[in-house]
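Please keep the viewer open as you read.

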Amino acid sequence: MPTIKDVAERAGVSVATASRVLTGRNRVNDETRARVLAAIAELDYRPDQIARSLRRRRTNLIGLIISTIENVFFTEVARAAERAAHAHGYHLIVCNTDENPEREKTYLTILNEQLVAGVILAPTPGNASHRAQFSAAKLPIVLVNRRLEHLPWSSITSDDEAAAYECVSRLIAEGKACIAAITGLAGSSTTEERLRGYRRALVDGGQAVDPALELCGQATLDGGYQAALALLRHDTRPDALFAFNNLMTQGAVLALDDLGLGWPDQVDVAGFGAFATARLYRPPLNLIAQPTHEMGELAVEMLIDHVEGRTDGLPHAVVLRNRFLPREQQAVRRPPSGTAG
């Protein structure tokens, strides 16, 4: 198997010059570059990617650590990130933590040991101590969906407080007088921001903030179902449920169905995360569409810019816009009469 030394000898240059041509660095004139490339073709030279990665302290792999693969939000982020990575000559490895800090630590350790170029991380709630070691090790990391204020990592999030405020304000404008919240996991920036928007909308709408009407749904479908059941059995039954993610929204709808309650007249349901099957609900729901594709693409671009030295080295916080989708936009477009299928 030919080596870089063989390439250099065939081209009549030093090993250092041949290496500069391979890595795309400057300071090699066009005539010399052409000789080296011709030698590579003649010898059918293939670089040793493992050795090269050890020298460069990175591969063309990017790790994506997400909170839960069952949430369509992260499925869409992963899909967009994979496409963006491929377009830039990188490959994506997806890891799922199920909101477990120890599993997050394990995946960060494995990815770092495998010399990934960097990691896109949707952090588990809280300020887990293990993250500091990866910051100290200079592992390039970009946060997605959630922020961590205590670490110097760039982040891409969305305007969750503003979106929650708009959605709850819409419920109030539609006549809802007792709006309960099915919240996400405590200690996450998304939960805190959505809760602020929910409470602010209540106050501005002339309604009281009642902690008894704020129940954690654990960010899961079953958790949303159980929280909705508890809220609907409250002494003062709410006339609307505002869920903090799409899984809990679906859980709330199941709870209403099991209790024989209809929406939106008896108890309305609204929440974060537009999902394809929501278009099948009758009547439709008020939902908040999140910029999943833009988030995945930008996370990859920000990470690659950092890896390839195209940034100022300072952390940047990008906040994207969510989009409120009123129920009238959720109806299925039916085929014209007489259309087959």
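Does R147 count as buried, partly exposed or exposed? At 25% relative accessibility, R147 counts as partly exposed. This is a predicted model, and R147 forms a salt bridge in it with E193, the closest N and O atoms being 2.5 Å apart. The pair links distant parts of the chain: E193 sits in helix 9 (residues 189-204), while R147 is in the loop between strand 4 (141-144) and strand 5 (154-158), 46 residues apart. E193 itself is buried, at 9% relative accessibility.

A search of the whole structure finds 16 salt bridges, including these:

| Pair | Closest N and O atoms |
|---|---|
| E193 and R147 | 2.5 Å |
| E174 and R170 | 2.8 Å |
| E214 and R199 | 2.8 Å |

With a relative accessible area of 14%, E214 is buried, whereas R199 is partly exposed at 33%. Salt bridges that share partners also join R170, E174, D268 and R327 into one network.

Now to the cysteines. The count of disulfides is 0. For C167, the nearest cysteine sulfur is that of C178, 16 Å away. C167 is buried at 0% relative accessibility, and C95 is buried at 7%.

As for confidence, the mean pLDDT of the protein chain is 89, and 91% of its residues reach 70 or more. Residues 50-55 stay under 50, with 6 contacts beyond four places in sequence.

Technical notes: Residues are numbered from 1 along each chain as its sequence is written. This is a predicted model: local features need pLDDT of at least 70, side-chain atom pairs count only at pLDDT 80 or more; totals for chains, interfaces and linings use all residues. Side-chain values use heavy atoms; hydrogens and water are left out. A disulfide is a pair of cysteine sulfur atoms within 2.5 Å. Buried means under 20% relative accessible area, exposed over 50%, partly exposed in between (1.4 Å probe, protein chains only). pLDDT is the predictor's confidence in each residue, from 0 to 100. Contact means heavy atoms within 4.5 Å. A salt bridge is a side-chain nitrogen of Lys or Arg within 4 Å of a carboxyl oxygen of Asp or Glu. Helices (H or I, at least four residues) and strands (E, at least two) are DSSP runs, numbered from the N terminus.
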